[in-house]
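I opened my notebook today to look through a new structure. Here is what I looked up, step by step.

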Amino acid sequence: MENKRQIRNMYYVDGSTVRKRESVAAPKRRPAEERPARRPQGNRTYRTAAVRAEKSLYFDKGYAIVLTASLILMIISSVVMLTIQSRVSEQERSIDEMQSTVQEMQANNAAYEDSLENMYSLNQIYDVATKDLGMVYSEKGQIVYYEGANEDYVKQLRDVPEAK
């Protein structure tokens with residue numbers, strides 16, 4: 001690696017200014033006699049490579065077990081996911097149906113409430129109260145005001161006193 005950097009630096013000079021290219025001679029190659037001889041690729045290396053390649057083609061017992069277990073796990077998780085998804089969609093449908101039922105009931109209640117409010121006018125109520133039931137307006141002095149301890153309700157233990 002160091003040789004490659006040295007060779008690279010021999011031809012160029014680093015820097016940000018433009019300079020003339022230095023002329024440096026390329027390194028000389030050694031003659032073939034001085035080069036170290038390569039190790040001959042023998043029959044043994046070929047055989048070991050062939051055996052490894054042949055072994056890689058076959059399934060190992062451990063590999064087959066792991067592959068089978070992962071396949072079973074994937075199938076089970078897919079089935080579980082699909083059942084949960086179908087339950088969710090079924091519940092969404094039932095929620096939609098219930099919401100439409102609630103809206104329908106609210107519309108019916110509003111219609112009944114309007115019909116009840118419009119059923120009797122205040123004049124009709126006054127006529128029934130005064131003519132049929134004999135009710136009259138209170139006169140001056142009939143209304144008695146007093147202060148009670150509890151403002152939520154009144155419990156009458158004895159007769160109301162006469163006005164003074």
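The entries below go from the whole chain down to single residues.

**Entry 1: what kind of model.** I noted before anything else that this is a predicted model. I looked up the confidence next: the mean pLDDT of the chain is 79, and 68% of the residues reach 70 or more. Where is confidence lowest, and where is it highest? I found the lowest mean, 50, in helix H1 (residues 2-11), while H3 has the highest, at 95.

**Entry 2: the fold along the sequence.** I counted four helices and zero strands in the chain. Reading along the sequence, I wrote the pattern down as α-α-α-α.

Entry 3: How much of the chain is buried? I got 1% of the 164 residues. The chain exposes about 17600 Å², and I saw that carbon and sulfur atoms supply 56% of that area.

**Entry 4: a nonpolar patch.** I found one of about 410 Å², and its members are Ile72, Ile76, Val80, Ile84 and Val88.

Entry 5: Where does Met135 sit? I found Met135 in the segment after helix H4 (122-132). Met135 is partly exposed, with a relative accessible area of 48%. I also checked what Met135 touches, leaving out residues up to four places away in sequence. My list reads Ala129 and Thr130.

Technical notes:
Residues numbered from 1 in each chain as written. Predicted model: local features only at pLDDT ≥ 70, side-chain atom pairs only at ≥ 80, totals over all residues. Heavy atoms only, no water. Helix = DSSP H or I, 4+ residues; strand = E, 2+ residues; numbered from the N terminus. Buried < 20%, exposed > 50% of the residue type's maximum accessible area, 1.4 Å probe, protein only. Areas by Shrake-Rupley, 256 points an atom, 1.4 Å probe, with all protein chains shown as cover. Patch = residues over 30% accessible without salt bridge, like charges linked within 9 Å, V, L, I, M, F, W, Y side chains within 5 Å. Salt bridge = Lys/Arg side-chain N within 4 Å of Asp/Glu carboxyl O. pLDDT = per-residue confidence, 0-100. Contact = heavy atoms within 4.5 Å.
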